[in-house]
Amino acid sequence: MKKAFFAVTLGLFSLTANAQFPGMPKGPRTAVLVDNDLCGDGDGLFHLVHQLLCTSSDVRGIVGAHVGTQQSWNQSQNEAMKNNAEISVSRAKEIVELCGKSGQIAIQPGAPTPMTDAKTPVVSEGAKLIVAEAKKATPEKPLYLLFGGPLTDIASAWLMDPSISKNVILLWIGGQEYSFGHPFPPEHNVGRNLVEYNLRLDVNAAKTVFNESDLTIWQIPRDVYRQCLYSMAEMEDKIAPLGKIGEYLTSKLGGFAKMADTYVLGDSPLCLISTLTTTFEPGAAGCFYEVTPAPTITDEGLYDFSKKGRDIIVYTKVDTRLLFGDMESRFRIASKK
């Protein structure tokens, strides 16, 4: 009797809600396309599983990105002869199958190498997919491009068709700190890499995106993605026991994960900012950002503020409580199915 009453009440509430809020979206409300170096650091794998498990996220495609000229971090012996963008595709297919979505999402390789200059695109199936999906979006309902690695594929896609910029929002995990951000840890100031890793993977692509394009950029720089620090004890306690998902993700971390008590799940803010948003007037309410002129990217990959670029959004703080709480719960729920 109680179950029947609850069902009727829920049904009436749904009808009332639809009547009161006719503009509320039905089904997934955020269209996203993921482009990441899934052959690299394991954080991209965690992000992709989380993104696929979010019910309000419509994943329109996955593009496997390169990691420059270096070897893939998690390649098997059979993958030794593949370029690392193809290995990224292999990882994407494994994760899509793991999440029960095989055959439902387009997966394509991005550029196998960085751009040779800031004017010449690296044409790839992944760049073509970005252009095709961007053309299906509108300024009112944009496609969120979730980039967790180099900017090669969006730089190439924009050079191939600059008109896509009006329909997309680029969320990028990458780039070094800004003056208003958190300073780099003082113990690492000697001999540290001034140029952040993802930017360093393709400086020419960063020059295209920041210096030449009119793309809308929401940047999550190094000091902010480093806030997503997850302990290895939590990994063993909360993630490893979660069936096939837990086993897969923890097995892909690599031996270097055992070097410290923590691991940076630095690509995870892509899901937080694009998808884990408020119901009304959607936004990542627990995150903070600055609106600032885009820097010019130099040939060395550094920021130059002598010329005032268009305004971009640079995040300064992310809501790790919501991010990791939601991730753990979705992984746990999926492991029980």
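Me: How far is the sulfur of Cys-54 from the closest cysteine sulfur?
Reply: In this predicted model, the closest cysteine sulfur to that of Cys-54 belongs to Cys-271. A disulfide needs the two sulfur atoms within 2.5 Å. The pair is too far apart for a bond, because the distance is 3.6 Å.

Me: How many disulfides does the count come to?
Reply: Cys-271 is in no disulfide, its nearest cysteine sulfur being that of Cys-54. By the 2.5 Å rule, the count comes to 0.

Me: Is Cys-271 buried or exposed?
Reply: Buried means under 20% relative accessible area. The value for Cys-271 is 0%, so Cys-271 is buried.

Me: Which residue meets Glu-133 in a salt bridge?
Reply: Side chains of opposite charge can pair when their charged atoms come close. For Glu-133 the N to O distance in the salt bridge is 3.1 Å, and the cut-off is 4 Å. The partner is Arg-60.

Me: How many residues apart in sequence are the parts that Glu-133 and Arg-60 tie together?
Reply: Glu-133 lies in helix H4, residues 125-136. Arg-60 lies in strand E2, residues 57-64. The pair therefore ties together parts whose separation in sequence, in residues, is 73.

Me: Which helix holds both Arg-330 and Asp-326?
Reply: The side chains of Arg-330 and Asp-326 meet in a salt bridge, 2.7 Å from N to O. The two residues are 4 apart, about one turn of the helix. Both lie in residues 320-335, helix H12.

Key. Residues are numbered from 1 along each chain as its sequence is written. This is a predicted model: local features need pLDDT of at least 70, side-chain atom pairs count only at pLDDT 80 or more; totals for chains, interfaces and linings use all residues. Side-chain values use heavy atoms; hydrogens and water are left out. Buried means under 20% relative accessible area, exposed over 50%, partly exposed in between (1.4 Å probe, protein chains only).
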